[in-house]
Amino acid sequence: MKIHEYQAKNLLKQYVIPVQEGSVVEIPASAVHVAEEIGKPVVVKAQIHTGGRGKGGGIKFADTPEEAMDKVKEIIGMNLVTHQTGPAGKLVRKVLIAESLDIDKELYMGMVVDRENNCITAIASEEGGVEIETIAGESPEKILKVAIDPRVGIQPFQARKIAFGLNLPETLIRVGTDCIINLYRFFTEKDVTLAEINPWVITKDGRLLAADAKINFDDNALAKHPDIEALRDFQEEEPAEVEASKHRLSYVKLDGHVGCMVNGAGLAMATMDIIKLHGALPANFLDVGGAASSERVERAFRILLSDQNVKAVLINIFGGIVRCDRVAKGVIEAAKRLDIQVPIVIRLAGTNYKLAGDLLNQSELKFTVASDLKDAAQKVVAAIK
């Protein structure tokens, strides 16, 4: 789960990590009061779940409260297009008005779940203000990584190593070390998967502040953190993904034309790969889980077909927990209740797969039954071409 910058900063403040002060507004008239409270030039920042806002025109500066209101009018309601949103862009519904900082230096500080090393890894760089992927590609020697043993947590010497590695001024070493330790504490206590402070700035008056923050949480842990779950902004999420989550379906929208309905995340990934291998692109990732009942299949169909880009559907089910004939009956019943206008290719393997094939072939519906995964991919790609 992603959250907005202003929400991330509020959480960091709770863990004694100094941030750029500001308030969020949703109507331009509120900007004057917020800017007056700040009492200095401000920056107006669009609040959407994406990066690259500045280049898209979503970050503007204002010297007076009246000018701040004008900038808010320009940003709220705009369709902000960045390299991460794609050409469709995102509608801006709210902005953060924060103090404009006189910056001396920009740094990068982040933590991520490191699955390769089974730990949390802290990542830092003196090259702040740009994406860490860019730094890694252009200047990998400028990235400092510190693996943190989950059995003991972050140690003071590790935090000091990062602080010195960032060449923090002597007066900020203690502050920086405390912030790094507190960021780790926040990361572990709130089940964070990614935390980035970028830029982490040193101001000319000697302050160390989080000028921007990006935080993602583990969806599977939200039940433990109702305060975090309450921060979810459904307007920022893909409607089909929100609908899928209500029915406990794992769905991620993509840009292709082949709708995928699969049971099991690993099989779903393999299905997406083989579709691309044969010359097409998947329109989604969709894992219906082990219980592929007719109701569950129907819900999955509705979500798949809500995407206007879907030109064909590939159903790939392995009958282990659930028998293939039951899946076939579920598909037939769901297809009868829905007005499906796109080709459907089905590959079933496992328990009772032959019986399932007979049921599909004998139905009045026009299913294409595939013998194996390669055959399924070839047939679905041919169907959309």
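Colleague: Which residues are linked in a network of salt bridges?

Modeller: The general idea comes first. Side chains of opposite charge can pair when their charged atoms come close. In this model, which is predicted, the residues joined in such a network are E5, K9, K45, R53 and D212.

Colleague: How many salt bridges does a search of the whole structure find?

Modeller: The search of the whole structure gives 25 salt bridges. One of them joins E21 to K13, with 3.4 Å between the closest N and O atoms. E21 has a relative accessible area of 38% and is therefore partly exposed. K13 is also partly exposed, because its relative accessibility is 41%.

Colleague: With which residue does R174 form a salt bridge?

Modeller: Its partner is D178, and the closest N and O atoms of the two lie 3.6 Å apart. To read such a pair, recall the geometry of the helix. An α-helix has 3.6 residues a turn, so residues three or four places apart point the same way. R174 and D178 both belong to helix α6 (residues 173-189) and are four residues apart, which means that about one helical turn separates them. R174 is exposed, because its relative accessible area is 63%. D178, at 33%, is partly exposed.

Colleague: Where in the chain are R337 and E298, the partners of another salt bridge?

Modeller: The side chains of R337 and E298 meet at 2.5 Å, N to O. This pair links distant parts of the chain, 39 residues apart: R337 is in helix α11 (residues 324-337), and E298 is in helix α10 (residues 294-305). R337 is partly exposed, with 45% relative accessibility. E298 has a relative accessible area of 13%, and because the cut-off for buried is under 20%, E298 counts as buried.

Colleague: Which residues of helix α5 are buried?

Modeller: In helix α5 (residues 156-165), the buried residues are Q158, A159, I162 and A163. They lie on the same side of α5, because they cover an arc of only 140° around the axis. F157 and F164, on the other side of α5, are exposed.

Colleague: Which residues gather in a patch of negative charge on the surface?

Modeller: The negative patch brings together E36, E37, E66 and D70. E36, for instance, is placed in helix α2.

Colleague: Is A88 buried or exposed?

Modeller: A88 is exposed, because its relative accessibility is 60% and the cut-off for exposed is over 50%. A88 is found in the loop between β4 (79-80) and β5 (90-91).

Colleague: How far apart are the C-alpha atoms of A88 and R174?

Modeller: Their C-alpha atoms are separated by 45 Å, and the two residues are 86 residues apart along the chain. R174 is the residue that pairs with D178 in a salt bridge.

How values were computed: Residues are numbered from 1 along each chain as its sequence is written. This is a predicted model: local features need pLDDT of at least 70, side-chain atom pairs count only at pLDDT 80 or more; totals for chains, interfaces and linings use all residues. Side-chain values use heavy atoms; hydrogens and water are left out. Patches are made of residues with over 30% relative accessible area and no salt bridge: like charges are joined within 9 Å, nonpolar side chains (Val, Leu, Ile, Met, Phe, Trp, Tyr) within 5 Å. Accessible areas come from the Shrake-Rupley method with a 1.4 Å probe; for residues, only the protein chains shown count as cover. A salt bridge is a side-chain nitrogen of Lys or Arg within 4 Å of a carboxyl oxygen of Asp or Glu. Lys and Arg count as positive and Asp and Glu as negative; His and the chain ends are not counted. The place of a charge is taken as NZ of Lys, CZ of Arg, CG of Asp or CD of Glu. Helices (H or I, at least four residues) and strands (E, at least two) are DSSP runs, numbered from the N terminus. Buried means under 20% relative accessible area, exposed over 50%, partly exposed in between (1.4 Å probe, protein chains only). The arc is that of the directions from the helix axis to the C-beta atoms.
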